[in-house]
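Here is a short note to read beside the model. Please keep the viewer open as you go through the points.

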Amino acid sequence: MRHIKVNRYENFSQTAAELMMNQVEKKPNSTLGLATGSTPKGMYQELVKRSADLSQAVTFNLDEYVGISSDHPQSYRSFMEENLFQHIRVGETLIPDGEAADLAAECERYEQLINQHGGIDLQVLGLGHNGHIGFNEPGTPFSSRTHVVDLAETTRKANARFFNSLNEVPKKAITMGIETIMEADQIILLVYGEDKQQAVNRLLQGDVNEQFPASILHEHPNVTLVSGGVKVLN
């Protein structure tokens with residue numbers, strides 16, 4: 001696992017954007033796996049600032065809430081539109097349908113779409129306080145594919161700041177599975193902020209264990225950890 005350490009969020013976001021742009025310059029028709037949340041938001045702002053051309057690329061988002069419409073202000077479709085898709089040239093943009101009548105069939109459809117596009121060339125991930133990647137909570141089998149998850153209470157509380165109250169935070173989501181994520185050719189793991197110190201140190205110092213889902217990344221041949229605003233043990 002390659003580790004790039006930066007201090008300021010601006011530098012953190014620039015570094016992440018450069019890694020993304022390097023991939024697209026090398027392969028304009030890349031298949032990109034994208035994440036949402038406050039951590040990658042600066043990366044998307046940098047891509048917009050640089051007028052990144054993703055017109056030949058295909059994007060797959062990691063996850064989407066179950067039970068809210070794609071135009072809901074807190075859906076991940078809305079997040080991506082607001083922070084990236086509306087501002088640059090981008091090709092096909094794919095996100096799980098959290099309102100699908102048959103959620104199991106939707107998970108299978110999403111897996112098939114990824115396969116039809118030749119798999120993910122570059123996957124962007126964040127790191128949850130409990131080690132989750134995507135919405136794969138502790139205990140998720142490393143062999144998991146795209147599936148419906150019950151969101152941990154800690155995860156719902158962490159995301160409550162984006163809603164009017166905790167009660168409005170969905171209790172389920174569709175997420176790419178860990179095995180799906182691990183099939184990406186390259187992975188960028190973005191970790192920023194003092195509150196992630198314990199999680200990143202456990203990632204770097206701990207063993208590979210399903211109780212800390214991100215630990216599986218040690219077994220991937222091409223992972224770049226970009227950390228900022230956090231003191232690490234090594």
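**Notes on the predicted model**

1. Start with helix H1, residues 9–26. Tyr9 and Phe12 both sit in this helix, 3 residues apart, or about one turn. Bear in mind that the model is predicted.

2. Are Tyr9 and Phe12 stacked, edge-to-face or tilted? The structure has 9 aromatic pairs. In this one the ring centres are 5.7 Å apart and the planes meet at 25 degrees, so the pair is stacked. Tyr9 has 27% relative accessibility and counts as partly exposed. Phe12, at 1%, counts as buried.

3. Now take Tyr76 and Phe135. This aromatic pair is stacked too, with 6.2 Å from centre to centre and 25 degrees between the planes. Tyr76 belongs to helix H3 (residues 76–85), while Phe135 is in the loop between S8 and S9, so the pair ties together parts 59 residues apart in sequence. Tyr76 and Phe135 are both buried. Together with Tyr65 and Phe163, they make up one aromatic cluster.

4. Next, the annotated site. An unreviewed UniProt entry lists Asp63, Asn130, His132 and Glu137 under "active site".

5. Asp63 is part of strand S5, residues 63–65. Its relative accessibility is 6%, so Asp63 counts as buried. Beyond four places in sequence, Asp63 touches Thr36, Tyr76, Ile95, Pro96, Gly134, Phe135, Ile174 and Thr175. Two of those names, Tyr76 and Phe135, are the stacked pair of point 3.

6. His132 is in the loop that runs between strand S8 (122–126) and strand S9 (147–150). With 14% relative accessible area, His132 is buried. Setting aside neighbours within four places, His132 contacts Gly126, Leu127, Glu137, Thr155 and Pro213. Glu137 is also on the UniProt "active site" list.

7. How enclosed is S8? In S8, 4 of the 5 residues are buried, so the strand is largely enclosed by the rest of the structure. Strand S2 (residues 31–34) runs parallel to S8 and is joined to it by 2 bridges. Strand S11 (residues 186–192) also pairs with S8 in the parallel sense, over 5 bridges. Gly33 stands opposite Gln123, and Gln123 stands opposite Ile187 in S11.

8. Last, the domain record. The unreviewed UniProt entry annotates residues 13–220 as "domain: Glucosamine/galactosamine-6-phosphate isomerase". In the model, this span is 34% helix and 18% strand, and its end C-alpha atoms are 23 Å apart.

Technical notes. Residues are numbered from 1 along each chain as its sequence is written. This is a predicted model: local features need pLDDT of at least 70, side-chain atom pairs count only at pLDDT 80 or more; totals for chains, interfaces and linings use all residues. Side-chain values use heavy atoms; hydrogens and water are left out. UniProt positions are given in the numbering used here, feature names are shortened, and annotations may be inferred rather than shown by experiment. Buried means under 20% relative accessible area, exposed over 50%, partly exposed in between (1.4 Å probe, protein chains only). Contact means heavy atoms within 4.5 Å. Two strands pair if DSSP finds at least two bridges between them. Rings of Phe, Tyr and Trp (its six-membered ring) pair if their centres lie within 6.5 Å; planes under 30 degrees apart count as stacked, over 60 as edge-to-face and the rest as tilted.
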